[in-house]
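Visitor: I'd like a quick tour of this one, feature by feature. Could you tell me how each is read before we look at the case at hand?

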Amino acid sequence: MIIAIYPGSFDPITMGHLDIIERGAHIFDEVVVAVLENPHKNPLFSVEERKLLIEQSVASLSNVKVETFMGLLVDYLRVKGARVVIRGLRAVSDFEFELQNATMNRKLWPPTETFFMPTSTNYSYLSSSIVKEIAKYGGDVSGLVPPPVEEALRKKFNRG
Ligand code: ADP
């Protein structure tokens with residue numbers, strides 16, 4: 001039984017994240033989407049809001065769970081009894097940072113293995129930050145985020 005942890009900020013979850021989750025769920029026995037509560041970041045959505053939006057977006061995937069964590073990823077992995085991490089790669093620009101993280105995580109806890117999944121091409125330009133920017137100015141984010149997120153963004157920015 002291989003449990004894969006997919007960690008991230010998910011502020012908010014996008015179709016790019018969902019694509020990685022769906023594909024990961026076909027490969028691994030269980031995927032745990034782990035929402036990072038980072039006290040140094042000032043997220044648009046609280047960690048509980050982010051968790052709920054992911055839960056609503058993955059409701060049809062029976063082997064996907066959503067949790068939150070704080071602190072070091074390797075400590076969370078140990079508590080979960082998991083050693084596989086999934087990270088998505090959009091472009092070469094993601095690679096350097098991701099390689100640094102993966103290498104450091106293995107140094108901190110050698111059993112850790114990071115699996116990189118390339119994004120589907122139609123989502124390679126997509127990020128949570130760009131979605132927030134578009135929504136803030138009333139732009140159309142349909143097709144970029146799951147429907148519950150579209151609705152939550154509208155409410156957050158007081159657009160009905
Ligand atoms: P973090 O702050 O940890 O980078 P994010 O929520 O931005 O958290 O991203 C979580 C993971 O999802 C990362 O591995 C990131 O590369 C990946 N990711 C982000 N956007 C996309 C996308 N459009 N397609 C595929 N993977 C993505």
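Visitor: How many salt bridges does a search of the whole structure find?

Guide: A salt bridge here is a side-chain nitrogen of Lys or Arg within 4 Å of a carboxyl oxygen of Asp or Glu. The search finds twelve of them. Before we go on, this is a predicted model, where local features need pLDDT of at least 70, side-chain atom pairs count only at pLDDT 80 or more, and totals for chains, interfaces and linings use all residues. Residues are numbered from 1 along each chain as its sequence is written, and side-chain values use heavy atoms, with hydrogens and water left out.

Visitor: Which parts of the chain does the pair Glu-49 and Lys-156 link?

Guide: First the pair: Glu-49 forms a salt bridge with Lys-156, and the closest N and O atoms are 3.2 Å apart. This one links distant parts of the chain, with Glu-49 in helix 2 (residues 47-57) and Lys-156 in helix 6 (residues 147-156), 107 residues apart. Helices (H or I, at least four residues) and strands (E, at least two) are DSSP runs, numbered from the N terminus.

Visitor: And how is exposure read?

Guide: By relative accessible area: buried means under 20%, exposed over 50%, and partly exposed in between (1.4 Å probe, protein chains only). Glu-49 is partly exposed at 33%, and Lys-156, at 30%, is partly exposed too.

Visitor: What separates Glu-55 and Lys-51 in helix 2?

Guide: About one helical turn, because they sit four residues apart in that helix. Glu-55 and Lys-51 form a salt bridge, with the closest N and O atoms 3.1 Å apart.

Visitor: Which residues are linked with Glu-150 in a network of salt bridges?

Guide: Glu-151, Arg-154 and Lys-155 join Glu-150 in that network. Arg-154 is partly exposed, at 35% relative accessibility.

Visitor: On to the ligand. How many residues surround it?

Guide: A residue counts as near a molecule if one of its heavy atoms lies within 4 Å of it. Here 16 residues surround the ligand, and the closest are Tyr-6, Ser-9, Phe-10, Gly-88 and Thr-119.

Visitor: Where does the ligand sit?

Guide: In the largest pocket. The elements that give two or more residues to the shell around the ligand are strand 1 (3-8), helix 1 (15-27) and strand 4.

Visitor: How far from a ligand oxygen is the polar side-chain atom of His-17?

Guide: That His-17 atom lies 3.2 Å from an oxygen atom of the ligand. The backbone takes part as well: a backbone N or O atom of Phe-10 is 2.9 Å from a ligand oxygen, and a polar backbone atom of Gly-88 is 2.6 Å from one. Taken alone the ligand exposes 550 Å², and the protein buries 88% of that. Those areas come from the Shrake-Rupley method with a 1.4 Å probe; for residues, only the protein chains shown count as cover.

Visitor: Is Asp-11 buried or exposed?

Guide: Asp-11 is buried, with a relative accessible area of 7%. Look for this residue in the loop between strand 1 and helix 1.

Methods: A polar contact is a pair of N or O atoms within 3.5 Å; within protein, one must be able to donate a hydrogen and the other to accept it, and residues adjacent in sequence count only if both atoms are side-chain atoms. On a 1 Å grid over the protein atoms alone, a cavity is a set of points where a 1.4 Å probe fits but cannot get out, and a pocket is an open set with protein on both sides within 12 Å along at least five of seven lines; lining residues have an atom within 4 Å of a point. A molecule sits in a cavity or pocket if more than half of its atoms lie within 2 Å of its grid points.
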